[in-house]
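Below is a short note for a colleague who is opening this structure for the first time. Please read the numbered points with the sequence and the model at hand.

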Amino acid sequence: MSSAEVTAAAKPADAPEHCPGTASESAGKASACAGCPNQQICATGPKGPDPSIALVKEKLREVRNKVLVLSGKGGVGKSTVTALLSRAMAQHNPDRNFGVLDIDICGPSQPRVLGVLGEQVHQSGSGWSPVYIEDNLSLMSIGFLLGSPDDAIIWRGPKKNGMIRQFLTEVDWGQLDYLVLDTPPGTSDEHLSAATFLKVTDGRWGAVLVTTPQEVALLDVRKEITFCKKMAIPVVGVVENMSVFVCPKCATESDIFPAKTGGAERMCADMEVRYLGKLPLDPRLAKCCDEGKDFLAEHAGSPTVTALKGIVARVQEFFETE
């Protein structure tokens, strides 16, 4: 590893863009450090790369592919897409193993969406055991560690980053073909922390971005694409969620969120990223998510399920094509 790579790896996950990194002699003393909440810690702390990085690499050595599900904006269905992707891949590949890691620390929704709300994780000599949804699909979320679903996580960035580090180093995933990470909206602590750790792991990794067709969502997703490029996160592509409303009874399509500027497909062409496809809005999907039911099994004939199969094929093509 070069000195530049060591410095980059040693940066705190919530560091500003020009942070010198904890391994630098100017840590906590450079002009870029002024006003940083970690300034005193960096100035007085031990120098050298973060030892957690090597630990994450070792712990995830048997995880072949890592998929970050990102969105610059809340409310576009990122958690729903995470659940649909992971369920679909697990069902279409019964001989492979899949995991979901919910790193939306303040708003963990995967336990409810995947139907395991109220389950408990167990500690063993090899670490935390994730909760199994199916024989080949498991989940880890801070939602399992709360006393009540109504409990609020009121943490600053460093503590959230520490929780993500703990998930990546202490969960016993075993051998996985895919680990899908559900993230909160934005481009801040959780995203920086995850990118810092995943970029040094073996195997392939990349980001699936989720948007809706209207410009107010596309503006934020453009920022997310820029974030990925700056952080050297490979972009798998963009999913346009809630593209049209399909009536469950008559199959008539209606534009709920009109794409005034060409929608996600036009944005992908402009920003030179892959367009993975569109998922129609089906009101039965929201009901299944609230009740923790498997939408793919409950409504196999839905146009959303048909579209999802194409998106899953393109995602897997990205990771499995040399």
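How many bridges join β8 to strand β9, and in which sense do the two strands run? The first point below gives the reply, after a word on the model.

This is a predicted model, in which local features need pLDDT of at least 70 and side-chain atom pairs count only at pLDDT 80 or more, whereas totals for chains, interfaces and linings use all residues. Residues are numbered from 1 along each chain as its sequence is written, and side-chain values use heavy atoms, with hydrogens and water left out.

1. Strands β8 and β9. Strand β8 (residues 204-211) and strand β9 (residues 235-246) run parallel and are joined by 5 bridges; strands here are DSSP runs of E with at least two residues, helices are runs of H or I with at least four, both numbered from the N terminus, and two strands pair if DSSP finds at least two bridges between them. Val210 stands opposite Val239 in β9. Of the 8 residues of β8, 7 are buried, and the strand is mostly covered, where buried means under 20% relative accessible area, exposed over 50% and partly exposed in between, with a 1.4 Å probe and protein chains only.

2. Strand β1. Because 7 of the 8 residues of β1 (residues 63-70) are buried, this strand is largely enclosed by the rest of the structure. β1 pairs with β8 in the parallel sense over 6 bridges, and Val69 has Val208 as its bridge partner in β8, while Asn65 has Arg204. β1 also pairs in the parallel sense with strand β7 (residues 176-182), over 6 bridges, and there Leu68 has Leu181 as its bridge partner.

3. Asp177. This residue lies in strand β7 and is buried, with a relative accessible area of 9%. Setting aside residues up to four places away in sequence, Asp177 touches Arg64, Asn65, Arg96 and Asn97, a contact being heavy atoms within 4.5 Å.

4. Aromatic residues. The structure holds 4 aromatic pairs, counted where rings of Phe, Tyr and Trp (its six-membered ring) have centres within 6.5 Å, with planes under 30 degrees apart called stacked, over 60 edge-to-face and the rest tilted. The rings of Phe98 and Tyr178 are stacked, because their centres are 5.6 Å apart and their planes at 10°. This pair links distant parts of the chain, since Phe98 is in strand β2 (residues 98-102) and Tyr178 in strand β7, 80 residues apart. Phe98 is buried at a relative accessible area of 1%, and Tyr178 is buried at 0%. Phe98, Tyr178, Phe318 and Phe319 form one aromatic cluster. Arg204 lies over the face of Phe318, at 5.1 Å from the ring centre; the criterion is NZ of Lys or CZ of Arg within 6 Å of the ring centre and within 35 degrees of the ring normal.

5. The nonpolar core. The largest nonpolar core has 88 residues, of which Leu68, Leu101, Phe167, Leu209 and Ile233 touch the most other members; such a core is a set of buried Ala, Val, Leu, Ile, Met, Phe, Trp, Tyr and Cys residues joined through side-chain atoms within 4.5 Å. Apart from neighbours within four places in sequence, Leu101 is in contact with residues including Met140, Phe167, Trp173 and Leu181.

6. The whole protein. There are 12 helices and 11 strands in the protein. Of its 322 residues, 52% count as buried.
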